[in-house]
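Colleague: I'd like to learn how to read this model with you. Could we go through it feature by feature?

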Amino acid sequence: MADSPGCCRPCATCLLCLYSCQWITAKKEKKKGLKTTKCDYSWFLFLFCVFLFTLVWLYFTIIILNDFHNFNEFIFKQRKLWLDWSLVLLIATAVLITYSAVLLVLALCLQLCGQPLKLHWLHKTLLILTALTVAAAFTGLGIKWAEEWRSARISLQATGPFLHIGVVGGMTLLAWPLASFIYRTRNTGLKVFLLLVYCMVMIALYLAPLGITSPCIMEENQLPPKPALVGHRGAPMLAPENTLMSLHKAVDCDVQVFETDVMVSADGVPFLMHDEELIRTTNVQAVFPERAALNSTTFNWTDLQQLDAGSWFLERKPFPTVQSLSAGDRYQAAKQRIPSLEQALEAAKQSNISIMFDLRPENHSDYQSFVNATLEVILQSGIPLQQVLWLPDGFREQVKQRAPGVQQVYGRKRLQNEKEPLLHVNLPYQDMSSEEIRQYRQDNISVNLYVVNQPWLFSVLWCSGVSSVTTNACQVLKEMKHPIWLLPSSTYLMIWIVVDCASFLAILWAFLLLK
């Protein structure tokens with residue numbers, strides 16, 4: 001075994017055996033004369049690339065958690081199976097990143113100890129499978145969930161300055177095994193190549209902050225007001241969605257708008273329901289098994305009132321927060337029924353909050369009658385019309401004529417030469433850049449973005465100056481007093497200089513110490 005002043009012989013032997021999956025004693029290794037070949041170095045490079053690949057996937061996993069409830073709903077719609085797939089994703093990602101990270105640490109320790117890098121064929125196979133799994137995950141993301149690439153770009157606006165510090169730190173630590181390898185190898189061409197590549201990467205990293213832009217790099221006195229909260233179907237982490245309990249829980253979270261979805265029953269009663277089928281959020285399969293797959297609008301109001309709209313919430317636990325509900329909240333949730341729009345308007349009027357809704361399904365042959373029935377309920381409810389935010393595009397002009405006080409909210413960006421200026425827009429958070437948000441704010445256009453659940457995303461949009469956000473997690477965002485990424489430009493400049501100087505000195509020390 002090669003002499004390794006930084007490693008005791010038993011430790012070096014253990015590292016070699018874990019990496020090679022063989023128990024090779026010092027005597028046997030010396031007899032075999034094991035050395036690291038070019039093929040072994042190629043596998044080490046592959047291991048390093050797989051680790052970086054899985055690390056990037058871990059970052060994506062954390063980012064897409066904001067929207068994962070939509071994925072759970074999509075799977076339920078397709079397979080009628082409810083499962084929190086985010087847990088499956090996190091566990092699988094944790095296994096992959098842990099495996100590749102442990103192997104990489106073993107390889108780096110072996111290099112520092114002067115031991116051969118003989119990766120076992122089993123590890124090679126598992127590394128290939130890891131790379132293929134992550135590649136398949138990225139491919140699936142690009143095909144089925146392409147908007148998450150835009151989510152990742154938004155996240156980099158917040159995490160960019162901090163990721164830069166982490167990458168500089170990681171590359172600085174890499175200087176130690178690199179210096180050890182350079183001083184041991186006799187291949188001059190390889191030495192020069194590795195040093196040039198490493199130096200170019202480090203110079204690029206040192207200068208990277210010149211190209212990093214983040215809306216949260218600003219002085220605190222420049223920070224826009226905190227965005228108002230819009231409860232997505234109420235407070236669905238605390239109560240069954242689109243129920244009166246959910247509305248009241250949203251009021252407790254200080255939301256200013258209750259966002260919901262309206263359908264109209266067969267006998268003309270508007271009621272709150274998101275899905276076209278009743279299976280996910282009611283016990284329709286138990287009460288009307290032969291009609292369970294029918295559209296919600298085929299049921300009359302008497303039938304709908306027989307359905308339990310709360311027990312599913314306790315059974316399926318659509319959010320982890322369900323487990324921490326009090327006994328009183330559980331009892332109340334189990335008693336929920338499908339509310340009518342009239343009941344929701346009365347609750348909103350008493351709570352002094354606005355109500356914003358979609359009218360579904362838009363492609364229904366009787367959609368105009370749905371609009372008329374909904375308008376009739378609004379006008380008879382006595383709620384101030386300025387508290388009603390109208391989202392549906394169908395028959396919008398008719399709505400303006402019959403209820404001119406209703407606030408019109410558009411699900412699109414403004415157009416050039418717009419005849420009537422937009423005052424309110426409601427868009428996915430991926431569809432607007434920070435620059436567009438600032439421009440709309442300067443033009444006094446209210447911008448609401450959906451669905452924003454994670455504090456990191458709320459922080460970016462807060463710094464950008466968005467007017468309001470639709471959220472499932474009103475209880476979390478309510479408690480935020482400042483954006484978590486807020487960083488004064490002078491502080492960031494100082495951190496940048498300190499980190500780069502410390503990195504340069506550490507790299508210099510590594511090469512001088514190991515010489």
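Colleague: How far apart do the end C-alpha atoms of residues 163-183 lie, and what is the helix content of the span?

Modeller: First, a word on the source: this is a predicted model, where local features need pLDDT of at least 70, side-chain atom pairs count only at pLDDT 80 or more, and totals for chains, interfaces and linings use all residues. Residues are numbered from 1 along each chain as its sequence is written, and side-chain values use heavy atoms, with hydrogens and water left out. Now your span: its end C-alpha atoms lie 30 Å apart, and it is 100% helix and 0% strand. Helices here are DSSP runs of H or I with at least four residues, strands runs of E with at least two, numbered from the N terminus.

Colleague: Where does UniProt place the feature "transmembrane region"?

Modeller: The unreviewed UniProt entry lists residues 41-65, 85-113, 125-143, 163-183, 192-212 and 493-514. Such annotations may be inferred rather than shown by experiment; feature names are shortened and positions follow the numbering used here. Residues 125-143 are 100% helix and 0% strand, with end C-alpha atoms 27 Å apart.

Colleague: How many aromatic pairs are found in the whole structure?

Modeller: A pair of aromatic rings is described by the distance of the centres and the angle of the planes. The search finds 20 aromatic pairs (rings of Phe, Tyr and Trp, its six-membered ring, with centres within 6.5 Å; planes under 30 degrees apart are stacked, over 60 edge-to-face, the rest tilted). Phe 458 and Trp 462 have ring centres 5.8 Å apart and planes at 55°, so this pair is tilted.
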